Amino acid sequence: MTATHFRTCPLCEATCGLSIEVGDDGTIGRIRGDMDDVFSHGFICPKGSTVKQLHEDPNRLRTPMIRRDGELVPATWDEAFAEVERRLMPLIGAHGRDAVAIYLGNPNVHNLSGLLYPRFFIRAMGTRNIYSASTIDQRPKEVSSGLMFGAMLSHPLPDLDRTDYVLMLGANPYESNGSLATAPDWPGRLEAIQGRGGKVVVVDPRRTKTAEAASEHVAIRPGTDAHLLLAMVHVLFADGLVDLGAAGEYVTGVETVEQAAREFTPEIVSPVCGIDATTIRRLAHDLAGAPTACVYGRIGTCTQEFGTIASWLVDVLNTLTGNLDRPGGAMWCKPAAGSPTTRGKPRFGRGVKLGRSHSRVRGLPETYSEFPAACLAEEIDTPGDGQVRALFVLGGNPALSVPNSGRLQAALGTLDLLVSVDIYVNETSRHADVIFPAPSSLTRGHYDLGFYQLSIRNVANYSPPVLPPEPDAMDEWKILCKLALIAQGMGADADPAVVDDLAIRGMAEAAGRDPDEVVAELAPRVGPERLLDFMLRTGPYGLTLDQLLEHPHGLDLGPMEPRLPDVLRTPSGMVELAPEPIVADVERLRASLDRRANGGFVLIGRRQVRSNNSWMHNVNVLVKGKARCTLQVHPDDAARLGLGADAKVSSRVGALIAPVEITDAVMPGVVSLPHGWGHDLPGVELDVARAHAGVNSNVLADDTLFDPISGNAVFNGIPVEIAPA
Ligand SMILES: Nc1nc2c(c(=O)[nH]1)N[C@H]1C(S)=C(S)[C@@H](COP(=O)(O)OP(=O)(O)OC[C@H]3O[C@@H](n4cnc5c(=O)[nH]c(N)nc54)[C@H](O)[C@@H]3O)O[C@H]1N2
Ligand SMILES: Nc1nc2c(c(=O)[nH]1)N[C@H]1C(S)=C(S)[C@@H](COP(=O)(O)OP(=O)(O)OC[C@H]3O[C@@H](n4cnc5c(=O)[nH]c(N)nc54)[C@H](O)[C@@H]3O)O[C@H]1N2
Ligand code: SF4
Ligand SMILES: [Mo]
């Protein structure tokens, strides 16, 4: 006998529905796209069905590990928590709490426990040294949206299903399946736009699959999107195309934007971007002339030197063309479990403060209570007061993910204590003193709390666990609660329920409810499901978790609807079109206008549909076939350099040798290498990944390059030298 379970795929931001066959004995059978899923209608990518391989992976950790005499060996949960306490408390006693750093990786945002419980551990640890994958990813967008609309995740989303025109920069949803705009089957939705007579224009230094399928591909020199977009703003003003539409009533700062753009004519930015002035003018006119349109920028526009300015200008263009908050334009969703844009008082907010403190070594500003991940290595390897001596890595792999990862890898080896919560002994956790195994995703409930806040349709879908807990497994939220209790000084034996009760009570109080009453109402639920149930009940649709359980294919709550002005949480209650810190940074952009291609090379990244950052290369069905970790080089450049099978790539901070793939998909002067590879390090226990090791591109990424407003790392446009190897 087999039963079919329906479940939202937790592997990327697209939230596809999976249909999973499970035998009586708990073996996983076929996995397909759920045809009845209200959002994905059967769409699935090659990664979706590999939740089976991940679950069955013999390398996946199933018991805690402790380092004894230099070796990682299996241990009991009690031993592992006791070991953390034994080593952490004296360290805090001797060096203070700032000597402990916490790094949160990307999978936390795909996991209810990882979204809801790290905050208690962070609070209990009381350290200023908090780092996450956000500052090697989307922080610039979080800063621009925070300043413009009042909340970190208040990004306007491209209304893909109704728009007539998309201008997409620095995104490749045909491989990534979309990011900061949740939609299953981005490719199908983009094709539908063209099918109904609309246009999709892709701005990218590489002719990606998305660019190939688009109506038009505009090749751009890496790191110059801000120049291009500001010139488009210039054209809108100069040619009298500005029309804010209905949103205009709630927008302030238009004149300041006009002034900021005054100098940025298409002719002036053209040689910087490598795009001719006529094209820039036409792009501005097309955008303004389309019946509805949206500008969408993603990681290519964030992980660059002018990331915050570029992210800001995306929404400036949406606003100036009257597309902000109108169907077919850039809109806000209304998530069922609530968000900062549904909680609190409409048009009332404290505003986003940046740089309330600065990192110890380089003095980079904090954003949203975190320091840039690019600072982590120097905080560990630079002696002095406040030096980081212990690190907790929650669901992350900074050894491969952060810039100048060679330096970080060396630093990890010098820590007095490294604790990982992970599913593998990988490039980071191989240095750990204690590893806590996160349970298989199939044994936990799932609700995409994070990505439903960025969803182009309002959808709510809860998936109960497919399988019972494995023997000797511990829920990830319990691991995090235990770590919080240890950090608090309550000891390794303390009951995680204590933290969980504080969590629901805190949430009830914040919502103005009586905690006892709330706890009684939600009984017997505990853990993330209890918190979720409360968030749904107090959310904008007043749903309950029981209601969602009755809808295994999800509840469709409709398309995005206009939300201005109530969505705003800025102190002014207005859309701040010209936030002071960003406008001030335009001076730096101006100073870069004399930069030209100088015959040297710059490196960009490359996501691939069969990868997931650094961690799914241990799945054989995904890595088999042709090696994918190749250096793409334009044929003219390859000929000029006389490149053979392999090339040596060097940057200011590191060097590596990579196999060469000659293709005219990349612009001349630009080379591309995917990130997240380089699995052949000593101690890594990933048998499949090791056989397809590849090289780690972040050995080349320069940690001294960053976007100064957000502190975000630069991965695109890294100067490199290329030579035959
Ligand atoms: N050069 C370059 N570098 C980049 C990027 C780039 O484009 N170019 N992209 C950046 C981006 S966007 C991101 S998000 C970061 C990602 O950077 P990280 O978040 O540091 O790295 P991941 O590869 O996502 O690592 C995820 C880790 O979580 C573990 N894991 C998987 N599932 C679970 C779970 O359920 N629980 C727990 N506790 N652990 C789990 C995996 O084994 C793996 O070790 O990389 C960044 N680095
Ligand atoms: N299969 C798969 N899916 C993923 C991931 C994965 O690793 N694999 N990672 C997930 C994560 S964590 C994230 S954050 C998202 C990211 O999702 P996307 O942003 O769609 O990611 P990429 O595919 O890296 O697309 C970035 C594009 O920017 C281009 N680019 C580079 N530099 C520049 C530049 O200066 N300007 C412009 N305009 N373009 C530039 C690159 O050539 C690339 O095509 O994907 C998520 N989905
Ligand atoms: S696109 Fe993302 S959510 Fe959909 S099946 Fe693939 S990995 Fe899962
Ligand atoms: Mo990311």
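Threonine 308 belongs to helix α14 (residues 307-320), helices here being DSSP runs of H or I of at least four residues and strands DSSP runs of E of at least two, both numbered from the N terminus. When residues up to four places away in sequence are not counted, threonine 308 touches Pro140, Val143, Ser144, Ile582, Asp707, Ile709 and Ser710, where contact means heavy atoms within 4.5 Å. Threonine 308 is buried, with a relative accessible area of 0%; buried means under 20% relative accessible area, exposed over 50%, and partly exposed in between, with a 1.4 Å probe and protein chains only.

The model is predicted, and local features need pLDDT of at least 70 and side-chain atom pairs pLDDT 80 or more, whereas totals for chains, interfaces and linings use all residues. Residues are numbered from 1 along each chain as its sequence is written, chains are lettered from A and ligands numbered from 1 in the order in which they are written, and side-chain values use heavy atoms, with hydrogens and water left out.

Glutamate 379, in helix α15 (residues 376-381), is likewise buried, with a relative accessible area of 1%. Its side chain makes a polar contact of 3.0 Å with the side chain of arginine 360, a polar contact being a pair of N or O atoms within 3.5 Å, of which, within protein, one must be able to donate a hydrogen and the other to accept it, while residues adjacent in sequence count only if both atoms are side-chain atoms. With neighbours within four places in sequence left aside, the residues in contact with glutamate 379 are Asn129, Tyr131, Ser359, Arg360, Val361, Gln387 and Val388.

Strands of a sheet pair through backbone hydrogen bonds, either parallel or antiparallel. An open sheet of three strands in the order β1-β2-β3 shows antiparallel pairing, two strands being taken as paired if DSSP finds at least two bridges between them. The edges are formed by β1 (2-8) and β3 (28-33), each of which pairs on one side only, and the twist averages 25 degrees from one strand to the next. Four bridges link β2 (residues 17-23) to β3 in the antiparallel sense, and serine 19 has arginine 32 of β3 as its bridge partner.

In an open sheet of four strands, the order is β11-β10-β9-β13 and the pairing is parallel. Because β11 (216-218) and β13 (294-297) each have a single partner strand, one side of each is left without a neighbour in the sheet; the twist here averages 15 degrees from one strand to the next. Strand β10 (residues 199-203) runs parallel to β11 and is joined to it by three bridges, with valine 202 opposite histidine 217 in β11. Helix α12 (residues 277-289) lies across β9 (165-169), β10, β11 and β13, at about 135 degrees to β11, the angle running from 0 to 180 degrees between N-to-C directions of axes fitted to C-alpha atoms, for helices over the stretch in contact.

Ligand 2 is surrounded by 31 residues, the closest being Asp204, Gly223, Asp225, Ser611 and Asn613, where a residue is near a molecule if one of its heavy atoms lies within 4 Å of it. Nitrogen atoms of ligand 2 lie 2.6 Å from a polar side-chain atom of aspartate 225, 2.8 Å from a polar side-chain atom of arginine 607 and 2.7 Å from a backbone N or O atom of serine 611. Helices α6 (173-176) and α13 (299-302) each supply at least two residues of the shell around ligand 2.
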